[in-house]
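Please look over the sequence and the fold shown here. Keep both at hand while reading the report.

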Amino acid sequence: MIVSELGILDWIQTTLRTPVGDMVMPMITAFADKGIGWILLACALILISRTRKTGIALFLAVGIEVILCNILLKPLVARSRPFVLNPEVHLMITAPLDYSFPSGHAAVSFACASVLWLKKSRWRFLFAALAVVIAFSRLYLYVHFPTDVLAGAFIGILAGIAACRILRRLEQNQLCR
């Protein structure tokens, strides 16, 4: 039996929604709105000399993710959001105006979590869990399809890896100390 993506979202709505989730999920998703929470984390890390390179890698990862997701893929794929296809769903957040594929929230969260993982941050498990919860919040809030979130997570991981490799190359060429 093939399960439709709208069916998965509807299942989440009917099975997993709770009053606490309805209160918490909009706050969780807001952390990644426009990447602001992750950008603030990068700024904080840059201010501390021992974590400066990790902060730079976070900025690189966010930049790569924005180019791939928001500038290239979203307009190219131009996929409507699930709430457009099922307007009976009551949104708990303001309706996003851009396209659905891929999820920028998932991409930026996994990009940054990947950098923190690869840099062996002591907080890597916490930020990996946060990335997963942010990605799930996009489904819970009915603003992305599951494939949007999976693609965003995949792109984010690639962006995090690329950022770390770029930073390593810059360090090897003594362009970043």
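## Basis of the model

This is a predicted model: local features need pLDDT of at least 70, side-chain atom pairs count only at pLDDT 80 or more, and totals for chains, interfaces and linings use all residues. Residues are numbered from 1 along each chain as its sequence is written, and side-chain values use heavy atoms, with hydrogens and water left out.

Helices are DSSP runs of H or I with at least four residues, strands are runs of E with at least two, and both are numbered from the N terminus.

Most residues other than glycine have a negative phi, and most peptide bonds are trans. A cis peptide bond joins F101 and P102, with omega at about -10°. P102 sits in the loop between α5 (82–85) and α6 (104–118).

Two residues other than glycine have positive phi: K34, near 55°, and A78, at about 50°. K34 is in the loop between α2 (19–31) and α3 (36–47). A78 is in the loop between α4 (52–77) and α5. Buried means under 20% relative accessible area, exposed over 50%, and partly exposed in between (1.4 Å probe, protein chains only). K34 counts as exposed because its relative accessibility is 76%. A78 has 33%, so it counts as partly exposed.

## The largest pocket

Pockets were found on a 1 Å grid over the protein atoms alone; a pocket is an open set of points where a 1.4 Å probe fits, with protein on both sides within 12 Å along at least five of seven lines. Lining residues have an atom within 4 Å of a point. Grid points are joined across faces, edges and corners, and a volume is the space filled by probe spheres set on the points.

The largest pocket has a volume of about 480 Å³. Its lining has 24 residues, and D33, K34, D98, H105 and R138 lie nearest the centre. The elements giving two or more residues to this lining are α2, α4 and α6. The largest share, five residues, comes from α4.

By class, the lining has 10 nonpolar, seven polar and seven charged residues. Here Ala, Val, Leu, Ile, Met, Phe, Trp, Tyr, Cys and Pro count as nonpolar, Asp, Glu, Lys and Arg as charged, and the others, Gly among them, as polar.

## The second largest pocket

The second largest pocket holds about 300 Å³ of space. It is lined by 14 residues; L45, R50, T51, S121 and W123 lie nearest its centre. α3 gives the most to this lining, with three residues. The classes are seven nonpolar, three polar and four charged.

## Helix α1

Helix α1 covers residues 5–16. Its 12 residues should span 16 Å at 1.5 Å a residue, and its end C-alpha atoms are 16 Å apart, which agrees. The expected span is 1.5 Å times one less than the number of residues.

The buried residues of α1 are E5, L9, I12 and Q13. They cover an arc of only 95° around the axis, so they lie on the same side of α1. That arc uses the directions from the helix axis to the C-beta atoms. These buried residues pack against α5, α7 (124–140) and α8 (146–172).

## A113 in helix α6

A113 is found in helix α6. Its relative accessible area is 6%, so A113 is buried. Leaving aside neighbours within four places in sequence, A113 is in contact (heavy atoms within 4.5 Å) with F127, A128 and A131. A113 and K34 are 79 residues apart along the chain, and their C-alpha atoms are separated by 16 Å.
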